[in-house]
Amino acid sequence: MDRAADQRLAAVCELVAGLAAANTTEDVCQAALDGLLSGTGANRAAILIFDDDGILRLRAWRNLTPECRHALAGYTPWPQGTRNALPVPIPDVSVEEGLQAYRDILEREQIRALAFVPLTLDAGVLGSLVLHYAARNECTGDDLNMARAITSQVALALERRHLANALARSECRLQTIIDHSSAVILVKDLQGRFQLINRRFEGAFHFSKQEVIGKTDYEIFPREIADRFRENDREVLTSGQVLAVQESAPQDDGVHTYISNKFPMRDPDGTIAGICGIAADVTNRKVLGDSSLHLAAIVESSDDAIIGKDLNGIIRIWNKGAERIFGYTAAEAIGRPITMLAAAEGIEDMRSILNKIRRGERIDHYETIRRRKDGETIHVSLTVSPVRDESGRIIGASKIARDISDRKNIERERTLLLAREQETRKTAELLNRVGPMLASELDTGKLAQTVTDLATELVGGKFGSFFHNVVDEKGESYMLYTLSGAPREAFAGFPMPRNTEIFAPTFRGQGLVRSDDITKDARYGKSGPYFGMPEGHLPVRSYLAAPVMSRSGEVLGGLFFGHPLEGKFTVQHEAILSGLAAQAAIALDNARLFEQAQWAQSELKRSNEDLRRANQDLETFAYSASHDLQEPLRTMAISAQLLERNYGKELKGDAAQILTYVVEGAQRMESLIQDILAYSTATRYTGGPPPSVHSGKALAIALANLDALIKQYGATVTFGPLPVILAHENRLVQLFQNLIGNALKYRREDAPRVHISTVERDGWSVFSLVDNGIGIDRKFADYIFGLFKRLHNRQEHPGSGIGLAICQRIVEQYGGRIWLEDSAPGAGSTFCFTFPTRT
Ligand code: ADP
């Protein structure tokens, strides 16, 4: 081996030793330059390497001036990555075309030859070695081989270095990553020795990496904990699968709970080389989780709708209660705007709620209306509160909605009932006020008008009418009508309403008829000749009619109301009208009775007046007749008596007898005239109330007047206690005298007996006069009181038939009565009469 060869071998050996010891790229480059300068003929050398950014940079050199370094930097015969690049020797730089630009500097540096050797790896050229020679043609094949050998070593060393750096960087990155994880991360080998832990592990268990690496769980944790870890590790190693498991480990503040994901670590060939565990501390989360679960259960089971929404009004939370109340499932609701629940009238308050929430205000028990999925509106009570994140920023709102539709319905119902009750009370009060008003009106015409006006106003009719039946003095019935709200001319041209299908129920007293639009009523327009409303009739849509019926069930008339608009009359109006119709009926009944009574009274007055006049005429006649008749009669009697006295002896045949007849006739006529006079004067008392008289005294006078007769017939007159009564004494005397006189006159053969007694009855003294005379057939009980009515002829019993008539006149004059109480032929008679008792 020649010296040069020895030298080269020594250089390579030195190079290998140098590369083996190299820790950095710089070390590698320096070792390479050493090798190049000692193993080749070059006196200067440089190493250029492409940077990561693709720029060729001078990394190491020997014996190069800064000027030379500057000039050479960046020059390469091969672009980066060129594959199969070959060394480029330049034996004489002065002739090399490509180096024209460098000629001066090469000359100054006395560089005569150059050799470029590519630094290549699998990825192609990564740099170059440049050998500088001081003499031309010195770049020999051996030099190039040597240089190539060195570059291949340098490339490998650089590659190794590069990989080592990459590995270190990767490990560093991995460590950084795992150190920043909030989970506890660890890697163990198959024997359970820790190979890697992160900072969280160190912090949690207060062991440094150095203290942990290479140790097992048993050296760090209590035995039973370590057993549990080991057991889980074994399961992972046996199954080769990921194991998610809950593990516990003691820490300063007690035992912490971890959710660990444990999985096998495999080599690139798939063999399991260890085990990795990533454990998240869920101690707090578990507590939180438990309460969250609790809370979630409460939210879910709540009957109220619990809704979460963000500040844009988008629904984020939706519980079962919300589904029940609003009809949307959570899937349908979440992600949609809350405005989907807005009812037409509630959209504005939704906006204001959201604005309040944005300002951080809370809304409590706000009652509003929302819309369900099925479109129905419901009443809800809302409580809305802002939801804040950890920093206190408002991020949305929680809303609790309670369905208060039932309560609202009850409230509405109650309000309705109350309103109805108030209406009813108002109606009753109204009718109570109207009742007396109507009752006080006794003129049927005015009453009908008042009823019509009042009813039209109270039912809110545009116009109203009252068709009512009237019966005149002759008993003939016809129909009248009153109007309200319309002039009489409005009806003048139309006939009276007849029993058409519409009107019949009212005129037959079959109850109320109410229609929102009578023209749509099935009964409307059925009857001719008009088939509906006649041309020019007041426009009627709303229709209300009620019969007015008397207590006896007679239909007195019908009240009819109309309005040109539809739906004007309500149930309330019906109630008012039926009340009013009843009141009107009573008032009409009363007015009619009153009118009838008035008529009867005036009739009575009129006939009384007639009677009085007739009586007066009769009295005048009787009085004047008796007076006027007495005079010629007296002349007749006196003349007859003179005739008899002066010429009686001269009279022949039956002339004397005839003359006797004349005298007797004149006497009888005289007594008749006196009776008539007595009768006519029996009522002739005027002025003032009757005076008091003791009936006993009057009886005594009468008996004294009759004394001769009583004695003549041996009669007995007895009497009980007699009262003071209201009458004129002379009349009472006359009465007693007549009755006792009759008892004596109509006696039987045995001595007459008369008994007078009285009883008191309701302010009247009832006198009874009982005799034992011939009696009277009861069928003549009334007859005998008639003027000139008698039961016997003059031969049997003289008399004029005026006595009892006079008695009747006297008694009736004081408001009393006289009658034959009891009698039968041959069984005596009892006469009774009454006088007002003085009180
Ligand atoms: P007069 O006695 O003049 O006939 P009165 O009017 O007094 O007329 O009586 C009418 C008739 O009533 C009498 O004619 C007589 O027949 C009958 N009458 C009246 N009083 C009695 C009596 N006490 N007993 C029986 N009959 C009597």
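**Exercise 1. Classify Arg 592 as buried, exposed or partly exposed, and identify its salt-bridge partner.**

Step 1. Arg 592 has a relative accessibility of 18% and therefore counts as buried; buried means under 20% relative accessible area, exposed means over 50%, and partly exposed lies in between, with a 1.4 Å probe and protein chains only.

Step 2. The structure is a predicted model, in which local features need pLDDT of at least 70 and side-chain atom pairs count only at pLDDT 80 or more, while totals for chains, interfaces and linings use all residues. Residues are numbered from 1 along each chain as its sequence is written, and side-chain values use heavy atoms, with hydrogens and water left out.

Step 3. The side chain of Arg 592 meets that of Glu 554 in a salt bridge, at 3.5 Å from N to O. A salt bridge is a side-chain nitrogen of Lys or Arg within 4 Å of a carboxyl oxygen of Asp or Glu.

Step 4. Because Glu 554 lies in the loop between β19 and β20 and Arg 592 in helix α17, the pair ties together parts that are 38 residues apart in sequence. Helices (H or I, at least four residues) and strands (E, at least two) are DSSP runs, numbered from the N terminus.

Step 5. Glu 554 is partly exposed, at 36% relative accessibility.

**Exercise 2. State how many salt bridges the whole structure holds, and describe the one between Glu 566 and Lys 520.**

Step 1. Side chains of opposite charge can pair when their charged atoms come close.

Step 2. A search of the whole structure finds 41 salt bridges.

Step 3. In the pair of Glu 566 and Lys 520, the N to O distance is 3.8 Å. Glu 566 belongs to the loop between β20 and α17 (571–647), and Lys 520 to the loop between β18 (513–515) and β19 (542–549), so parts 46 residues apart in sequence are tied together.

Step 4. Glu 566 is partly exposed, with a relative accessible area of 49%, whereas Lys 520 is exposed at 62%.

Step 5. Another salt bridge joins Lys 779 and Asp 777, whose closest N and O atoms are 3.8 Å apart. Lys 779 is exposed, with a relative accessible area of 62%, and Asp 777 is partly exposed at 30%.

Step 6. A network of salt bridges links Lys 188, Asp 217, Asp 233, Glu 247 and Lys 262.

**Exercise 3. Determine how the rings of Phe 503 and Phe 560 are arranged.**

Step 1. The structure holds 21 aromatic pairs. Rings of Phe, Tyr and Trp (its six-membered ring) pair if their centres lie within 6.5 Å; planes under 30 degrees apart count as stacked, over 60 as edge-to-face and the rest as tilted.

Step 2. The ring centres of Phe 503 and Phe 560 are 5.4 Å apart and their planes stand at 90°, so this pair is edge-to-face.

Step 3. The pair links distant parts of the chain, 57 residues apart: Phe 503 is in the loop between α15 (489–492) and α16 (504–507), and Phe 560 is in strand β20 (residues 555–563).

Step 4. Phe 503 is partly exposed at 24%, while Phe 560 is buried at 6%.

Step 5. Phe 767 and Phe 835 form an edge-to-face pair, with 6.4 Å from centre to centre and 90° between the planes. Phe 767 lies in strand β25 (residues 764–771) and Phe 835 in strand β27 (residues 829–836), so this pair ties together parts 68 residues apart in sequence. Both Phe 767 and Phe 835 are buried.

Step 6. One aromatic cluster is formed by Phe 194, Phe 201, Phe 205, Phe 221 and Phe 229.

**Exercise 4. Describe the surroundings of Thr 837.**

Step 1. Thr 837 lies in the segment after β27 and is buried, with a relative accessible area of 14%.

Step 2. The side chains of Thr 837 and Glu 760 are joined by a polar contact of 3.1 Å. A polar contact is a pair of N or O atoms within 3.5 Å; within protein, one must be able to donate a hydrogen and the other to accept it, and residues adjacent in sequence count only if both atoms are side-chain atoms.

Step 3. Leaving aside neighbours within four places in sequence, Thr 837 is in contact (heavy atoms within 4.5 Å) with residues including Val 724, Leu 726, Glu 760 and Trp 764.
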